[in-house]
Amino acid sequence: MIKESREKETTGEKLIGDEAKGEITIYNYTSSSKNFKEGTIIIGPGDLEFSLDVDVVATAASTPYINEKGEQVIPPGKEKVAVTALNVGPECNLASGTEFDIKGFPSSSYRAKNEKAFSGGTSRKIRVVSAEDREELLADLTAELEEKVKDELEKIAPEGKTILREGVLTSLVSRDFDKAVGAEVDQLKLELEMKAKTLAYSPLDLEYLLEGIISKIIPDGFVEKEKEIEQKEAEIDPEGMAVFKAYLKANLVPDLDIEEIKKNLSGKYQKVAEEYLENLPNFVRAEIIFNPRLPVRLMTFPRLAKNINIKIEIKE
C-alpha cells in the first residue's frame, strides 16, 4: 500500500460581484388594476433582466380625455417598485429614463421606466476549482502511484523472483480532494492511497516452461541450435492466472550424429564423401576444405576421426 499527495494550479473561472439595484415605475394602460408578484421579470436594453423585489399593484388607467390638439389621452395607472438585476455586473447600472418591458405581457398594456439610474452592479473573475482540474489531478497522481507501487513490489519480491509489472492490479483505497468544484482557490490538493497485487515468478521457471513448449513444436529429425525469446505482453486474468505473450525465434538443425559422420568419412576420397553427405537427411550442400592442400590422389579424409572438423550451418 502506498500513499501520496500532489497539488496543481486551478484553471476554472467564475464571475462574482454584486447585482445592480434601483426603482422603476410600472405603467398600466388597461382599465383594470394589475397585481405583479415578487420575482416578476422586467427586460431592459440588451435583454438585461431584473426582478421585482416585492409584490406591487399597478392601478387602472384613468378615464380617457381629449387634449388641446384633439387627441385622445389615456392617463395610465402607475406604481413604483424596487428591482434587482438577475446577474452581477456593471452593465446593469442603467441610466435614468430607461424603458422596460414586463416579461409575458404586451407593451401596449404595461410598460416600466426608471426615473433614477440603477447602481451597485459590479463583477470580477476569480480562479476556482473546475471538474477538469480534479479529473486531471486524479489521472496524473494515479499514474504516478501505479509506477511507484510497482517499484515497491519489486523491492519486496522474494529472492530469485521477478514481479510481473504489466500485470500489477491496483485499486484506490481512498482519495481526498481538499476543495470542491467551484471553490475559490489557486491550488488544488489531492491525497491518494493505493494498494496493489501481482504475480512474482522465477525467470528460470518461465524459461523451463518455454523450453517445454518449444520441444513440442520442433519437427522430427531436427534439434534446436539457438533461440531468441522476447516477452511482448503479460497480464493477470480475473481468475489470477498469469498470461504471457512472447515472440520466439529458434534456429533448427538436422539431428545428426556428428561422431558417426566423422567415422564414416574417415579415409574417404572427396567424391565418395560428397555422395555420402548428399544422402544425409535435410542435407543441402557441403563445402569440403583440406588443410594442408595435397595432390588429388592423396586428398582423402584423415583416418583419425578426431582430425575431422564438421561445422553445420543453417540455410537462410
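Colleague: How do you know that strand 14 and strand 15 are joined?

Modeller: Eight bridges link strand 14 to strand 15 (residues 187-197), and the two run antiparallel. Strands count as paired if DSSP finds at least two bridges between them, so eight is enough. One example is Asp 176, whose bridge partner in strand 15 is Glu 191. This is a predicted model, where local features need pLDDT of at least 70, side-chain atom pairs count only at pLDDT 80 or more, and totals for chains, interfaces and linings use all residues. Residues are numbered from 1 along each chain as its sequence is written, and side-chain values use heavy atoms, with hydrogens and water left out.

Colleague: Why are strand 1 and strand 14 called edge strands?

Modeller: They belong to an open, antiparallel sheet of three strands in the order 1-15-14. Strand 1 (2-9) and strand 14 (169-177) each pair on one side only. A strand here is a DSSP run of E, at least two residues long, and a helix is a run of H or I of at least four, both numbered from the N terminus. On average, neighbours in this sheet are turned by 25° against each other, direction ignored; the axes are lines fitted to C-alpha atoms, for helices over the stretch in contact, with angles from 0 to 180 degrees between N-to-C directions.

Colleague: What makes strand 2 a partner of strand 12, strand 9 and strand 11?

Modeller: Bridge counts again. Strand 2 (residues 12-28) has seven bridges to strand 12 (residues 122-128), nine to strand 9 (residues 77-88) and four to strand 11 (residues 110-113). Gly 17 bridges to Ser 123 in strand 12, Glu 19 to Val 88 in strand 9, and Ile 26 to Ala 112 in strand 11.

Colleague: What makes the lining of the largest pocket count as 26 nonpolar residues?

Modeller: Ala, Val, Leu, Ile, Met, Phe, Trp, Tyr, Cys and Pro count as nonpolar, Asp, Glu, Lys and Arg as charged, and the others, Gly among them, as polar. The lining has 36 residues, with Ala 286, Glu 287, Ile 310, Lys 311 and Ile 312 nearest the centre; besides the 26 nonpolar ones, five are polar and five charged.

Colleague: Where is confidence lowest in the protein?

Modeller: In strand 17 (residues 222-236), at a mean of 68, whereas strand 5 (residues 49-52) is highest at 98. pLDDT is the predictor's confidence in each residue, from 0 to 100. The protein averages 87, and 93% of the residues score at least 70. Where pLDDT is low, the predicted coordinates should not be read in detail.

Methods: 1 Å grid on protein atoms, 1.4 Å probe; cavity = no way out; pocket = protein on both sides within 12 Å on 5 of 7 lines; lining within 4 Å.
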